[in-house]
Amino acid sequence: MINILLSGSNGKMGKTIRELCKSDEDLNIKAGFDKIYNDTCPFPQYDNLTNCLEKVDVIIDFSRPEALDDLLNFAKKDKTPVILCTTGYSKEDILKIDEASKEIPIFRSANMSLGINIINNVLKRIAPILYDKYDIEIIEKHHNQKIDAPSGTALLLASTIQDVIDEDTNLVKGRDGIKKRDKKDIGIHAIRGGTIAGEHEVLFCGTSEVITLSHQALSRDLFAVGALKACKFMYGKKPGKYSMDDLINFN
């Protein structure tokens, strides 16, 4: 049995993970961490991790970047693996994560969907081939409660494209004004509305065709399932940085 500390336990993703854990005999949510108290929560919950005395095997985080310091400090006490599913981290936050990974195992992904990460791997192969003759644009759509834009997933896809292209490129987040598109631009466009769980498109626009890689999340369950798979993967891991690529290759 793998005992979990669930950060963001009373949020939408936290509640989804709680439901899925009920049917998994290998996983048990031992405690929750959330600034909002919920009296229907079936396990001990804390708004301050210094008060949490439960011993856990893995930490899953679906909260906000502000919780990072508390989570890393808590994890360091017992060298507990951390699965960071939160997006919107600053450059300073990323440096903290990199430094902490020297002491504890850290799994971080901007998107816990297997499908998105397969698309990301496809981009590594085709972006260098298509870049010369095609313009690259990324469109992402999410629900109206999402606080960061562009999405972490859109930035992940854009970063992958930039990494595999020899030429320097420019990320253009939305467009405004009167200006012709530069060949070196990679456009990222964010749409917010309704209850869209998450949609991403990468367009390679040529002179006579458009090649589109797209992914649509139909339910939040998709991301929770990925997080729970990562939980089992990270159990007992040594300090270091891990990603969905490691999980995919492991399977």
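Lys 79 is partly exposed, at 45% relative accessibility; this class lies between buried (under 20% relative accessible area) and exposed (over 50%), as computed with a 1.4 Å probe on protein chains only. The model is a predicted one: local features need pLDDT of at least 70, side-chain atom pairs count only at pLDDT 80 or more, and totals for chains, interfaces and linings use all residues. Residues are numbered from 1 along each chain as its sequence is written, and side-chain values use heavy atoms, with hydrogens and water left out.

Lys 79 lies in the loop between α2 and β5. Helices (H or I, at least four residues) and strands (E, at least two) are DSSP runs, numbered from the N terminus. The residue comes just after α2 and takes a positive phi of about 55 degrees. Most residues other than glycine have a negative phi.

The side chain of Lys 79 also meets that of Glu 103 in a salt bridge, at 3.8 Å from N to O. Lys 79 is in the loop between α2 (68-78) and β5 (82-84), and Glu 103 is in the loop between α3 (91-100) and β6 (105-108), so the pair ties together parts that are 24 residues apart in sequence. Glu 103 is partly exposed, with a relative accessible area of 34%. A salt bridge here is a side-chain nitrogen of Lys or Arg within 4 Å of a carboxyl oxygen of Asp or Glu. By this rule the model holds 16 salt bridges. Side chains of opposite charge can pair when their charged atoms come close.

A second bridge joins Asp 135 and Lys 183, with the closest N and O atoms 3.8 Å apart. This pair links distant parts of the chain, 48 residues apart: Asp 135 is in strand β7 (residues 135-142), and Lys 183 is in the loop between β8 (170-173) and β9 (185-192). Asp 135 is partly exposed at 29% relative accessible area. Lys 183 is also partly exposed, at 31% relative accessibility. Both residues belong to a network of salt bridges that links Asp 135, Glu 137, Arg 175, Arg 181 and Lys 183.

Asp 148 forms a salt bridge with Lys 146, where the closest N and O atoms are 3.1 Å apart. Asp 148 counts as buried, at 15% relative accessibility. A cis peptide bond joins Ala 149 and Pro 150, with omega at about -5 degrees. Most peptide bonds are trans. Pro 150 is found in the loop between β7 and α5.

Seven strands form an open sheet with parallel pairing, in the order β3-β2-β1-β4-β5-β6-β12. Two strands pair if DSSP finds at least two bridges between them. The edge strands, β3 (45-46) and β12 (240-242), each pair on one side only. β1 and β4 pair in the parallel sense over 4 bridges. Ile 4 stands opposite Val 58 in β4. Helix α2 packs on the sheet, touching β1, β2, β4, β5 and β6, and its direction makes about 175 degrees with that of β4. Axes are lines fitted to C-alpha atoms, for helices over the stretch in contact, and angles run from 0 to 180 degrees between N-to-C directions.

In α2, the residues Leu 68, Leu 71, Leu 72, Phe 74 and Ala 75 are buried. Seen down the helix axis, the buried residues of α2 fall within an arc of 165 degrees, so they line one face of the helix. The arc is that of the directions from the helix axis to the C-beta atoms. An α-helix has 3.6 residues a turn, so residues three or four places apart point the same way. The buried residues of α2 pack against β1 (2-7), β2 (27-33), β4 (58-61), β5, α3 and β6. Contact means heavy atoms within 4.5 Å.

Helix α5 (residues 152-164) has 13 residues, which at 1.5 Å a residue should span 18 Å; its end C-alpha atoms are 19 Å apart, which agrees. The expected span is 1.5 Å times one less than the number of residues. Buried in α5 are Gly 152, Thr 153, Ala 154, Leu 157, Ala 158, Thr 160 and Ile 161. These buried residues pack against α4, β7, β8, β9 and β10 (199-205).

Asn 120 lies in helix α4 (residues 114-130). Asn 120 is buried, with a relative accessible area of 5%. Leaving aside neighbours within four places in sequence, Asn 120 is in contact with Leu 156, Leu 157 and Thr 160.
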